[in-house]
Amino acid sequence: MREFAYERADDAAGAVAAVLAQPDAVFLGAGTNLVDHLKLGIIAPGRLVDVSRLPFDEVTERPGGGVRIGAAVRNADLAAHPIIRARYPMLSSALLAGASAQLRNLATTGGNLLQRTRCPYFQDPTTPCNKREPGSGCSAIGGFDREHAILGASSDCIATHPSDMAVALAALDAVVRVLGANGEREIPVVDLHRLPGAEPERDTVLEHGDLITAVDVPALDWATRSTYRKVRDRASFAFALVSVAAALDIADGVVRDARIAFGGVAHKPWRARAAEDALRGTAATEQNFAAAADAELAAARPQRQNAFKIPLARNVVVATLRALTEQEAR
């Protein structure tokens with residue numbers, strides 16, 4: 001591991017200034033992902049700026065019924081927060097589906113959003129990886145690709161984004177608050193992460209020195225009827241093969257509105273706009289749920305070993321929407 005300097009930030013502006021002052025400086029929150037990468041030799045920053053003690057560790061109500069989640073709120077605390085459990089059960093469920101209890105006790109909201117892919121080639125410095133070393137090639141293409149993307153991939157990268165929490169936040173139209181060189185700005189979660197294109201090394205639209213300070217989740221009355229379903233190889237501490245965050249607004253057996261996002265299928269949390277559009281105004285039936293899933297998955301392009309993700313994603317959508325419909329009926 002390369003030697004690095006360490007400093008603890010006293011305030012957000014000072015943290016941003018410290019990172020901006022050094023091209024190879026990075027922020028350090030809980031470090032659950034960053035420290036792994038330091039050990040593996042995936043990254044070698046010259047300076048770590050510790051932001052873990054900045055005052056961003058609260059969940060507060062916003063005017064109109066929304067909530068603001070501080071970037072330093074621990075995943076376990078957020079999942080258990082009474083407002084989140086009552087108003088946004090899909091978010092609580094997504095958090096509880098992620099990692100292990102020990103990691104949830106440490107990992108933060110900001111860090112969870114910015115965690116990097118678990119593609120085995122990205123995490124192995126001995127193999128070519130365009131995400132880790134641009135222009136070196138993508139070892140996953142033609143290699144072990146069972147867990148990789150079926151939507152939005154490119155000829156340079158087929159990695160998937162690992163976060164469960166980010167999938168729920170994408171479905172909820174959450175907005176990330178960022179402090180950077182030019183002051184504060186807001187970025188919708190659906191726009192925070194990038195598809196790989198020709199620059200897979202860029203996970204997000206953030207610039208050097210940008211610090212996530214909070215996430216705002218807008219009010220959505222019918223988000224109380226929402227859930228998160230995750231399919232993985234084992235029941236604990238495994239990343240999604242396919243996951244679905246969904247909420248349904250149903251009246252008299254008709255879908256008035258829907259929110260759906262996929263995890264485990266793309267380089268970013270995948271908001272299923274085509275499926276949502278297909279559902280609005282239709283009867284809440286399994287046939288229509290399947291048709292909506294098919295509309296979204298028509299663009300899927302599987303790799304050699306992961307074509308199973310297409311029917312799996314279809315079935316998970318149908319099962320999730322069916323469960324929400326039954327919940328509404330009760």
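Tutor: A polar contact is a pair of N or O atoms within 3.5 Å; within protein, one must be able to donate a hydrogen and the other to accept it, and residues adjacent in sequence count only if both atoms are side-chain atoms. The model is predicted, so local features need pLDDT of at least 70 and side-chain atom pairs pLDDT 80 or more, while totals for chains, interfaces and linings use all residues. Residues are numbered from 1 along each chain as its sequence is written, and side-chain values use heavy atoms, leaving out hydrogens and water.

Student: Which residue has its backbone nitrogen 2.7 Å from a polar atom of the side chain of Asp 210?

Tutor: Asp 210 sits in the loop between α9 (189-192) and β8 (211-217); helices (H or I, at least four residues) and strands (E, at least two) are DSSP runs numbered from the N terminus. Its side chain also makes a polar contact of 2.6 Å with the side chain of Arg 185. The backbone nitrogen at 2.7 Å is that of Glu 207.

Student: Is Asp 210 buried or exposed?

Tutor: Leaving aside neighbours within four places in sequence, Asp 210 is in contact (heavy atoms within 4.5 Å) with residues including Phe 27, Val 178 and Leu 179. Buried means under 20% relative accessible area and exposed over 50%, with partly exposed in between (1.4 Å probe, protein chains only). Because its relative accessibility is 9%, Asp 210 counts as buried.

Student: How far apart in space are Val 73 and Glu 58, C-alpha to C-alpha?

Tutor: Val 73 lies in the loop between β5 (67-70) and α3 (75-80), and its 4% relative accessibility makes it buried. Beyond four places in sequence, its contacts include Phe 56, Glu 58 and Thr 108. Val 73 and Glu 58 are 15 residues apart in sequence, and their C-alpha distance is 6.0 Å.

Student: What radius of gyration does the protein chain have?

Tutor: The C-alpha atoms fill a box of roughly 60 × 50 × 35 Å along the principal axes. The radius is taken over C-alpha atoms, and the globule rule is 2.2 Å times the number of residues to the power 0.38. For 330 residues, a compact globule would have a value near 20 Å, and the protein chain agrees, with 20 Å.

Student: What share of the residues of the protein chain count as buried?

Tutor: The secondary structure comes to 12 helices and 12 strands. Among contacts between residues at least 6 apart in sequence, 64% join residues at least 24 apart. Of the 330 residues, the share that count as buried is 53%.
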